[in-house]
Amino acid sequence: MSVMIKESPISEKDMIADAEKALADISRVRDGVGRVIFGQESVVERTLVALLAGGHALLVGVPGLAKTRLVETLGIVLGLDSRRIQFTPDLMPSDILGSEVMEQDEFGKRSFRFISGPIFAQLLMADEINRASPRTQSALLQAMQEYHVTIAGARYDLPAPFHVLATQNPLEQEGTYPLPEAQLDRFLMQVDILYPDIEAERRILLETTGVEDAKAQNVLQPTRLKEIQTLIRRMPVPESVVEAILKLVRSARPGQGNAETDKHVAWGPGPRASQALTLCARARALYEGRLAPSVDDIRALAEPVLQHRMALTFAARAEGTTVRDVVAKLAKGI
């Protein structure tokens, strides 16, 4: 008999009622996004799962695959106060966080006043985040983990909910800076965006080159999103799923007895990966109309949750091995 782990006491009847309401809201969100974004069902699902789980997502793909449009659409559909930052090599941390300015009143007294930056939003789109230097990229570190920033020793809380959806160009393109490992670990998932299939591209051609483009419409409020996020944290997690998460994450670390990992992986995921898998598995289960996650959710989420939290050895890269290859093999073993 499997053991069920619950975050807080809630009756099964209330859980089912709340889940049914949440499912209706999530369905409206999916429909709202689907009117604007074509042929990227997996990308939309993973990005929404990250938001429903209360985290941040890194969207990786070549230019022109609607990464920016997806983030803008989600902001409108979810009713979030959205801001956009275009990352460039000359962008400074103060351009993101804000800065203090000195003011003088009518009596000649001088004082500092804090002018908040664009990070004070419910949904922050960090566009082409890897085009800025690591110093500027790391300006988001404290905000993404602790949901506040510290300027000149003073704490400033961020709005709730607070999410960062960052877009990134593949690192092999010119003029990009790899994100620091600590920065990558703050993202709940890395969502890879591939080229659309021919039918999706045909629809894009027909529906986006006319007189009027499809426009997103608001269907949810931030307070309701917070309620759904709380519901997800209350969802029970079977003991079998907990064991699968621990087995997967620990097997991805060198020195834990997995010969394949020891051969190919230089460093693996930390406990934050286990937390991310647990939250995302709950969110994916609710997204698909289930009240508890399964091991299949863990297999489906292994790549987006783990791939940016691992690094391969030089020998593995020389052999042509990729992180996706390693994660796929590990996921099959759970």
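The lining of the second largest pocket is made up of 13 nonpolar, ten polar and eight charged residues, where Ala, Val, Leu, Ile, Met, Phe, Trp, Tyr, Cys and Pro count as nonpolar, Asp, Glu, Lys and Arg as charged, and the others, Gly among them, as polar. The model is predicted, so that local features need pLDDT of at least 70 and side-chain atom pairs count only at pLDDT 80 or more, while totals for chains, interfaces and linings use all residues. Residues are numbered from 1 along each chain as its sequence is written, and side-chain values use heavy atoms, with hydrogens and water left out.

This second largest pocket holds about 630 Å³ of space, and among the 31 residues that line it, Ala53, Gly54, Tyr147, Arg233 and Leu279 are the closest to its centre. Both domain 1 (11-234) and domain 2 (236-333) give residues to the lining, so the pocket lies between them; the domain bounds come from an automatic or database domain assignment. Helix α12 gives the most to this lining, with seven residues. Helices (H or I, at least four residues) and strands (E, at least two) are DSSP runs, numbered from the N terminus.

Pockets and cavities are both found on a 1 Å grid over the protein atoms alone: a cavity is a set of points where a 1.4 Å probe fits but cannot get out, a pocket is an open set with protein on both sides within 12 Å along at least five of seven lines, and lining residues have an atom within 4 Å of a point. Grid points are joined across faces, edges and corners, and a volume is the space filled by probe spheres set on the points. Two cavities of 30 Å³ or more are counted.

| Cavity | Volume | Lining residues |
|---|---|---|
| Largest | about 50 Å³ | Ile26, Val29, Leu48, Leu52, Leu78, Leu220, Leu225, Ile228 |

The lining of the largest cavity has eight nonpolar, no polar and no charged residues, whereas that of the second largest cavity has six nonpolar, one polar and one charged.

In helix α15 (residues 323-332), Val323, Val326, Val327, Leu330 and Ala331 are buried, that is, under 20% relative accessible area, with exposed meaning over 50% and partly exposed in between (1.4 Å probe, protein chains only). The face of α15 turned away from this buried side carries the exposed residues Lys329 and Lys332. In strand β10 (residues 189-192), Met189 and Val191 on one side and Gln190 and Asp192 on the other are all buried.
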